[in-house]
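Student: I have a structure open and want to work through how its parts pack. Can we take it question by question?

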Amino acid sequence: MLVWTKDLSVGVVEIDDQHRELFGRINRLLKAIDENAAADEIRTLFKFLETYVVKHFGDEQRYMDQYEMYGYSDAARHKSEHASFISSIGEFRADLEAAPPSQQFVTEFAKWMINWYIMHIQHIDKGLGAFLRKVFPVLGR
Ligand code: FEO
């Protein structure tokens, strides 16, 4: 399970709130898988998570595009990581739609999802947060 800690804060209210919501959705999905919930329920929770991920990435990218003129230099790498994540989660979804989740699916998905998101927040989102707070302090806490 993912546990939100203060060191994961990027210091921008909207982004932190969305990350917490994402953690909640990831945990609901992992809990349902862990409790052997029905395949339809797992697929529904997966879609619920995937939809929110796409919205969240879109919102971050709108910040990047809106404030590009102020010199956020990591936009290309950041957007590329988002695109890679969306591609990977689509592959997991295809597997899930083809068959009920196997133990291998559960292990690989949970490990990938948790590692990816923690690393992404720590190494990329925090940079975006620092940039936004510097240019527009009102976005911070
Ligand atoms: Fe919070 Fe760049 O995803």
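Tutor: Questions and answers on this predicted model follow.

Student: How do helix α1 and helix α2 run relative to each other?
Tutor: Helix α1 covers residues 13-34 and helix α2 covers residues 39-66. They pack at an angle of about 165 degrees, with axes 9 Å apart. Angles over 145 degrees count as roughly antiparallel. Therefore α1 and α2 are roughly antiparallel.

Student: What is the hand of the crossing of α1 and α2, and how many nonpolar residues does their contact have?
Tutor: α1 passes α2 in a left-handed crossing. By class, their contact has three polar and eight charged residues, and its nonpolar residues number 14.

Student: Which residues have the most contacts inside the largest nonpolar core?
Tutor: That core has 42 residues. Helices α1, α2, α3 (75-98) and α4 (103-135) each supply at least two of its residues. Those with the most contacts inside the core are Phe85, Phe109 and Leu132.

Student: Which helix gives the largest share of this core?
Tutor: Four helices, α1, α2, α3 and α4, each supply at least two residues. The largest share is 13 residues, and it comes from α4.

Student: Are α2 and α4 roughly parallel or roughly antiparallel?
Tutor: Their axes come within 13 Å and cross at roughly 20 degrees. Angles under 35 degrees count as roughly parallel. The crossing is left-handed. α2 and α4 are therefore roughly parallel.

Student: How do the residues of the contact of α2 with α4 divide by class?
Tutor: On the α2 side, the residues include His56, Phe57 and Tyr63. On the α4 side, they include Trp116, Tyr117 and His120. By class, the contact divides into twelve nonpolar, two polar and two charged.

Student: And α2 with α3: roughly parallel or roughly antiparallel?
Tutor: The axes of α2 and α3 come within 11 Å. They cross at roughly 170 degrees. With that angle over the 145-degree cut-off, α2 and α3 are therefore roughly antiparallel.

Student: How many charged residues are in the contact of α2 with α3?
Tutor: Arg43, Lys47 and Glu50 are among the α2 residues in this contact, and Lys79, Arg93 and Glu97 are among those from α3. The residues divide into twelve nonpolar and four polar, while the charged ones number eight.

Student: Is glutamate 50 buried or exposed, and what is in contact with it beyond four places in sequence?
Tutor: Glutamate 50 lies in helix α2. The cut-off for buried is under 20% relative accessible area. At 6%, glutamate 50 therefore counts as buried. Its contacts are Ile89, Gly90 and Arg93.

Student: What is phi of asparagine 36?
Tutor: Asparagine 36 lies in the loop between α1 and α2. It counts as exposed because its relative accessibility is 70%. Its phi is positive, in a residue other than glycine, and is near 55 degrees.

Student: How far apart in space are methionine 69 and lysine 79?
Tutor: Methionine 69 is found in the loop between α2 and α3. At 68% relative accessibility, it counts as exposed. Methionine 69 and lysine 79 are ten residues apart in sequence, and C-alpha to C-alpha they are separated by 17 Å.

Student: What is the relative accessible area of leucine 2?
Tutor: Leucine 2 sits in the segment before α1. Beyond four places in sequence, it is in contact with Phe23, Ile26, Asn27, Ile114 and Ile118. Leucine 2 is buried, with a relative accessible area of 7%.

Student: What separates the C-alpha atoms of isoleucine 118 and leucine 8?
Tutor: Isoleucine 118 is in helix α4 and counts as partly exposed at 26% relative accessibility. Leaving aside neighbours within four places, its contacts are Leu2, Leu8 and Phe23. Isoleucine 118 and leucine 8 are 110 residues apart along the chain, yet their C-alpha atoms are separated by 7.8 Å.

Notes: Residues are numbered from 1 along each chain as its sequence is written. This is a predicted model: local features need pLDDT of at least 70, side-chain atom pairs count only at pLDDT 80 or more; totals for chains, interfaces and linings use all residues. Side-chain values use heavy atoms; hydrogens and water are left out. Axes are lines fitted to C-alpha atoms, for helices over the stretch in contact, and angles run from 0 to 180 degrees between N-to-C directions. Angles under 35 degrees count as roughly parallel, over 145 as roughly antiparallel, 65 to 115 as roughly perpendicular and the rest as oblique. A crossing is left-handed if the near helix is turned anticlockwise from the far one by less than a right angle, and right-handed if clockwise. Ala, Val, Leu, Ile, Met, Phe, Trp, Tyr, Cys and Pro count as nonpolar, Asp, Glu, Lys and Arg as charged, and the others, Gly among them, as polar. A nonpolar core is a set of buried Ala, Val, Leu, Ile, Met, Phe, Trp, Tyr and Cys residues joined through side-chain atoms within 4.5 Å. Buried means under 20% relative accessible area, exposed over 50%, partly exposed in between (1.4 Å probe, protein chains only). Contact means heavy atoms within 4.5 Å.
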